[in-house]
Structure formats: structure tokens, C-alpha cells
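Please read it alongside the sequence and coordinates.

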Amino acid sequence: MDFMLSKQHEMARALFREFAETEVKPLAQEVDETETFPRETVEKMAKAGFLGIPIPKEYGGQGCDILTYAMCVEELSKVCGTTGVIVSAHTSLCCDPILTYGTQEQKQKYLPALAKGEKLGAFGLTEPGAGTDAQGQQTKAVLDGDEWVLNGSKIFITNGKEADIYIIIAVTSVSTDAKGRSKKIISAFIVEKGTPGFSFGTKEKKMGIRGSSTYELIFTDCRIPKENILGAEGKGFGIAMHTLDGGRIGIAAQALGLAEGALERTIEYVKERKQFGRSIAAFQNTQFQLADMDTKTEAAQLLVYKAAKAKETQKNYSVEAAKAKLYAAEVAMEVTTKAVQLHGGYGYTREYDVERMMRDAKITEIYEGTSEVQKMVISGAILK
Amino acid sequence: MNIAEYKGVFVFAQQVDNELSGIALELVGKGKELAKDLGTEVTAVLVGSGVKALADELAAYGADKVILVDDPELKEYRTEPYTHALASVIEKYKPEIFLVGATAIGRDLGPRVSARVHTGLTADCTRLEIGDFPINPIPGREQLHNQLLMTRPAFGGNTIATIACPEFRPQMATVRPGVMQKARKDENAKAVIEEFNPGFTPNNNYVEILDIVKAVAETEDIMDAKILVSGGRGVCSAENFKMLEDLADVLGATVSCSRAAVDSGWKPKDLQVGQTGKTVRPNLYFAIGISGAIQHLAGMEESDVIIAINKDETAPIFDVADYGIVGDLNKIVPALTERLKAEFAANK
Amino acid sequence: MKIVVCIKQVPDTKGGVKFNPDGTLDRGAMLTIMNPDDKAGLEAALRLKDQYGAEVTAITMGLPKAEEVLREAMAMGADKGVLVTDRVLGGADTWATSQTLAGAIRNLEYDLIITGRQAIDGDTAQVGPQISEHLGIPVISYAQDIKIEGDSVVVERQYDDRYHVLKAKMPCLITALAELNEARYMTPGGIFDAYNAEITVWGRNDLVDVEDSNLGLKGSPTQIARASDRVRKGVGAKVALDPTESVDYIMERLKEKHII
């Protein structure tokens, strides 16, 4: 087993880090404070190819592997959790399902603009009554002539109002199984912004990742062309689950980045901050805390990279993705919390990045499947 | 190359718009000192079109001799004809030392000349002296005397190197402006003026000047500024920053500030120095009314020279300041501005 | 159009400088970057490529490790990379370096050569103009803006308080400042392509029209007499004076330090 990154990956990391330090870090506080979507950063990332990293070159992407993509989200999240999740949601939740399940026409039509970042992607599964439980879906799509007619709403949608292309999960029919229970047949669709009947509801006011545009999507007799169904009719649940498996790698990378960022800030801080006449780095408590934080962060990194490799090489990588996300998110929460503690009073103020990082970290335990859901996936695989 | 044939200290007397640049007189001053150590003369090489009148000023500041290369092709600085002028002077007069100012012109001209005459060139020197090479005797190696030892900062000012050019002549250096001293002016001093024209025939290396635009200076990024006048909580108001701006104007400096000034809304965030602002390392940093919290110090303690003005004598800023003045900034800063104005007016 | 861009891998001096016990620079312990002025030169070349179409060749002289900086240039969009490396080239000053690069460039076709104004490790700003002298072509230093007009380049050349708009026939050498432009980032895909691409490696024997006596340490007219870490300052002085005396005091210090 090879734990060494290739020179290419090292150089890609250096690129992502330089970009993050130069373009993203200076805006992170303001983006959080003012809850502003960093549109200019997205445009710069588009120019640098960051919005199409694992998309093949034939579709206008960079043709890189999932690991490179995960490293991009990781490095961005080190300085700004908001920016990290923008790339993650766009790539894993919109580009990836089109690449995996799209027809040749759909790929040709949507991927180049998405990969070049001319258009931004989003994914709509969650509803007020349905989170990771797909059977709770209420949004419906009914075929009427050459068009699907969508009705319903989606909530907590990342890149909500800023995206151009949306993958929307909806119920297309209800069947009855042998025992007489009704079962919802679910399908996936590609919906473009600006389609009549597609509008935006409330903007969420969040604890963290506050620059991320989290919106409710509303469909009222929204008519989309028949050919915009993604994958076969009735395969939507599988598509959604498989998409989330990939998404979890992105979120795990985001969590990992937050932990690493908080750790870096803390190491700098404890060397400079003096108490009782010496730097707080000289106290054993500080030293041991940092040792724990560093060890756990590195363990999280190994799980995240392993999951990224698994997506590259395996058909099914649900368990790897679940473990990576479960652990990285927990580590992010623990490390950022300790980082705030080691910063003392300053750490509780918005002048210091660790305060924001701690708030940003919390969501990684919740979205794209809570930690509890990850445990269900993992234990399910063990006990099967 | 017969090194013994090369004699005398020559300096390039840079002029722009038929006005001598400050560096020209600084080089004459330094050249005179070096010439004295070597028991020789300092010669100014004056290049331009219709610039003969400037020779007297060079004499007044210590030039023993002026070589005048005057030709219409030399009206505006262009690399090729100026290179031809200096290379021809070197070929004909064989100086042992040739100094050029490390100005935008000199740093373009110097390398081209040194490449044409095949000698070494040491860039951006801050100290020049006559000494031995090697500096300390090395057994089995001849120690040369009367060498030009050229000292310069490198690696972004992190190191200092002293360079010699033992086997080639002239020993060439570009010299940082503002470092060497002009000699005292002597109106009665006269120099021998020798006119020399090597002939200027335009060739492919002559570029055409389409336009000359005098630029207006824009606000500088505080990270690029050579001098920063920085204010903190002690400045007390946005209006009071005017005092700092006036001081900065006189010094050609840029205004920056501490976090307290940003938080109070007196100055924008992009001027903030410190851990959560920018890290700066100017040649001179004025810390005015800045107490010097560790977060601020982290962003500026690498400055070459730090002058702090603060009324609280226990302020931590004094721990990193080269020169600390305990006192009232409202009195000291305006007085300093006036004094500097007077000083610059007197030296005009 | 064919453009040759000279780039150098330099220690990143932003993070401070590390020394060996003998006082020489510990290059191994420092991170390396593409010299900022060179990067601006490369960006200028890539913009000309975008605008007019051009083949951009990045060339560097250095240790075998300097290959990295060529990969970076190619990941940004350069078409080819040439590494000039040979033990006999070590210890070169600007004269010997410019002789070496000129000798290498004589192998290449070029309409334009772009170099950075200066490298942050040496700060000499000499190699660009010296290469142009060796090749017998015009030099325009400190370019602020570069345009192509037929067989000529039109360049805004910066001086202290003004700029000249200069026109020179190609081939011509231009030196660029980091302020010239904001260099593009590498692209992730470009990085992987750059590592799959072939880099040309040249040694002493590939140099054209260069004598041994002009190469490496032996071919360098300048020699280091002494190198040292800059002396760190100790704790400074602190005075409490009346305002006029305070001003006197500051004026004296400013004069002492040659600031005024």
C-alpha cells in the first residue's frame, strides 16, 4: 500500500493551497460575516479549472482523479468552509450524476459548461418531510405529452439560488408490492434555472458555512422536456444514493480541511501567545492537545484519500465514503472545538478564524447524511 | 587583459531631461573617496544631448575630470546608444573602477555595458571600499591589494555579500541611490572637460521612442511600501490621521494602521498591519500611537528600522522599536513634518 | 510566433532564509518557487499566445531539480520546457549565466525572449540585458505592457516617474516585472499533462558558441569575498524628550540611516 502522493498530486496540492491562501482566505471572514456568496471566487476557480477536476477532458473538464478533486475541496476548506462546499456540491452532486447516468446528449449539453464553471450545479433531494429517507418524498413529476410537470419543493439546497443546473429527485409513480404496500417510484431530472414554474423560497440563516447559498426550491407546474429525465424512470433512488456516496467524499474532504485549517491556526497562535511569561506552546496541556489533534486529523486524511481512491477503482464505495465522512466530520468538530479552547477568549471572537471554523465544522456531521446515517451504512455492511 | 593598464575611478553621471540625477553627485562623492584611497582621480562620464553645462556642477561636487559624450542620438535614454557611449569610453580610457547608479536607467545600462566589455558587475551595492582579496590571507593563494570590495544585500535583504572582481577591469558596480554621500559643494572647483564622440549610427538595436508619458503615482500597497507611517488607537480619530498622511507625503511614504484603527472605522482593512492584516517589512516603519499588541508586532517586526512614538512608556511597541520616543504624537508628528519639509526645501 | 521565456527556480525568501553552519545558504531547507518576475514574463508570453498565437518555450538553468519549475510553466500553458544543467555550469555569476543561457537559446528559434527583471535570490537584474547583448538583439527592460505590431513589438517601459512607449524590431528581449500582470494559476489537468510531457535536457555540449572560459565558477568575473547573515538588531533606544528635541532626535536618526 502506497502512502506517498505522486509529484503530480503534490503539485496540485501546492496549486490549491496557493489559490486558497491568495484568493480565498482574505475573503473568508467577510463572506461569513455578511453571508455573501463568493461569486468572484467561483469565477476565478472556474478559470483555473477547479469546477471540473474529475470531469474527462472530452467534456471540457480537467481529466483528473477523485483524489485531486478531494484535495481541492480540502485545501479550500482549510481557509473557507463555504468555498469548499460550493465546489463539492457542484462537482459531486451535479456533475457526477450527469457523467455517470446521463445520456450522450445530456453529457454533451451540460457537462462542458459545468466543467468550465460557466454554469454552477446543485442537487435537490431533501424535503421538509424527507431527508435521507427517500420514501418520504412529496415532490411529484408527471409526464404530460412531451414534458414532465414538476410540483413540490426542496429545502436546504446548497448552491441553491446561485446554481444554473439542478438535479432534482421526484416521485414519478406509486406501485403496490406483493404484500399490498405502496411504494414510491422515484426518478431523477435535470432542471435548468429560469424554467417557468421553478422559483426560490426562503434563504436559510445558518450557524456556519454562511456564505453558501442555501435555499428552498419551489416547483409549481414546472414543465421540463421529457428528455431531461436522468437515467431510467424509476431509478432515481439509486441515483440519489450513489450520488450521495460521492458527495460524502467531498464533505469528508471539507471536514478534513476545516480540521487542518484550525490546527494550523492554533499551532501559529500557541507559539506567539504568551501567558505566565512563556509561550503557551511550552505548556504540556497545549502540547498533548496538539498531538491528539494532529494524529486524528492525519487519520481522517487517510480515510478520505482511501475513499477517493475507492471511488476511482470500485463500483461500490458506500462504506469507504461513509467511514471517511463519519470520522472526518467528528474530527473536524473535535479539532475546531479544541482550537477555540486553545485560543482562549480570542478564539471565541470573530477576529480569529477558528471561531468560524468551529461553526462551519458542525454541518459536516449533518448534511449529505448525518453521522448516524453513516453509522447505519457502515454497520449495515458489517452485519449483512 | 592587462589589468595594470586600467587606472582611475569613473562614474556615470546620470541626467534626465538635462538635469543631473541625485545619484550622479552621490557617485562622484563616493568615487572621490575611492580615488583618494587608490591615489588616483575621479572622472564623471556625462552622456546626453546638449548637456555640457552640467559639467560644472559635477566639478563643484568633486569630479576631477568630466568626459562629455554629447550627441543628438543621446537625448532620451535608450539602451543601445548609451551602452555604446559607455563601452567606448571604457575601451578608450581604461578605468579600473566604473560606477553606475542602481536606478531604473542604471540597472538597464550597467548589465549591457558589462556584457559588452566583458567584465563583472555587482548590482545594487550599498557599500564600496578598497581592500584586499581574499579579505583574509589564504595560504598558497596570492592576496591582491587595492581591490574594489562591493557589498550588497541579497535574498530579499536576508543576507549580505561582499563581491570582488579580481581578474577583470573595470570593476563595475551599480550603487543604490540614497546610500552614498555627496561631497561638500565647492563652487570654485573646476574639472578638466574632455569631449569624446565614438559615433552613433542607428542599427537594429536602436529602439524607436513612440511616446513619453509622465506617470502619476498611485496609492501603493502597504506590502510594497519602502516607508510606512502607521497609526493606531492613540491617533484617536479619523481626522487625526491627516497628520500621518502629511508626514507620509513628505517622506514619499504610505499610511498603514493597526487593527484598532480599522475597528474604529478610521481606516480600511487593506491598510491593516498585523496577524489578521498584512505582514510588512519596509525600510522604515513609524509606529505612531500603536501600543504594539503581539498580533500587531507579528506583522511588522521585520521592518529594517522601527521608530515608535507613544505616550505610554510601557507600551510593548518599544520592545521592538529601534528608536522609541515617549511623547505626545499630536505635537511631535506635525513638528516632524514641518522639519522634514524645511530640510528637503533646503537641499533642493 | 515563437517566444522563449527564461525562468528561474528560487528559494522562497518570504519565509526567511536558512543557513548552513558555514554561513552559506541552505537551499535544501527552503521551499522553492518560480521567480515572481519570471512568472510575470511567462504570463505575458501566454497572453501573447492567447491573443496572437505563439509557441512558448520555457527555459531554465539550474540543478536537475529545477525541472519542477518547467513543469509548473507547462502546467500554466507553456508548450515546451528546456532544462540546462551541467556540473561545469555551477557557481556561475550573471556573466557566466547569461553566456550559458545565450548559448542554449542559440539552439532555438525565437521572435521574442522574455525574462523576469530580476530574481529574488540575487536581485541583480542583469541576466536579461546580458543575454540580449550576447545575442546581439535589442533589450527593453521593465515592460509594463507588450503589444505586437507586424514584425515589431511595442512596449511600455517603466522608469521612475515616467514610461517610454518603445518600438523594437523582433527578435528582441523584454524583461518583465511582477507588477506587469497577475499570472494565471496552473490548471489541475495542466499539471498532470506537464508530468506526462517530455522535457529537453541540455548540458555543456549542447551550448552553441560559448567558450569554456565563460562558464561556471571559473568563467565568472565576480567572486564572493564574504557572505553573511544580516546582523540582527538588539533592543533599541528609548527616549523621553520634549517635542522639539524629539523631532531633533528623529531627524538625526533618519540622517544616520540615510533615509533622508
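1. In chain C, C:V82 stands opposite C:T200 in β11(C). Strands are DSSP E runs of at least two residues and helices are H or I runs of at least four, numbered from the N terminus. β5(C) and strand β11 (residues 200-202) of chain C run parallel and are joined by 3 bridges; two strands count as paired if DSSP finds at least two bridges between them.

2. The model is predicted, so local features need pLDDT of at least 70 and side-chain atom pairs count only at pLDDT 80 or more, whereas totals for chains, interfaces and linings use all residues. Residues are numbered from 1 along each chain as its sequence is written, and chains are lettered from A and ligands numbered from 1 in the order in which they are written.

3. β5(C) also pairs with strand β4 (residues 55-61) of chain C, in the parallel sense, over 5 bridges. Here C:T57 stands opposite C:K80 in β5(C). Together with helix α2 (residues 67-76) of chain C, β4(C) and β5(C) make a right-handed β-α-β unit (with the strands pointing away from the viewer, the path from the first strand over the helix to the second runs clockwise).

4. Of the 5 residues in strand β5 (residues 80-84) of chain C, 4 are buried (20 or more other C-beta atoms within 10 Å of the residue's own, with C-beta atoms placed from the backbone). In helix α5 (residues 188-196) of chain C, the buried residues include C:I191 and C:F192. The buried residues of α5(C) pack against α1 (7-34) and α3 (66-79) of chain A together with α2 of chain C.

5. The contact between chains C and B takes 67 residues from chain C and 70 residues from chain B (residues are in contact if their C-beta atoms, placed from the backbone, lie within 7 Å). By class, the chain C side has 32 nonpolar, 19 polar and 16 charged residues (Ala, Val, Leu, Ile, Met, Phe, Trp, Tyr, Cys and Pro are nonpolar, Asp, Glu, Lys and Arg charged, and the others, Gly among them, polar).

6. Strand pairing also links these two chains: strand β13 (residues 208-214) of chain B and β9(C) run antiparallel, joined by 6 bridges. B:E208 stands opposite C:K167 in β9(C).

How values were computed: Buried ≥ 20, exposed ≤ 12 C-beta atoms within 10 Å, placed from the backbone. Contact = placed C-beta atoms within 7 Å.
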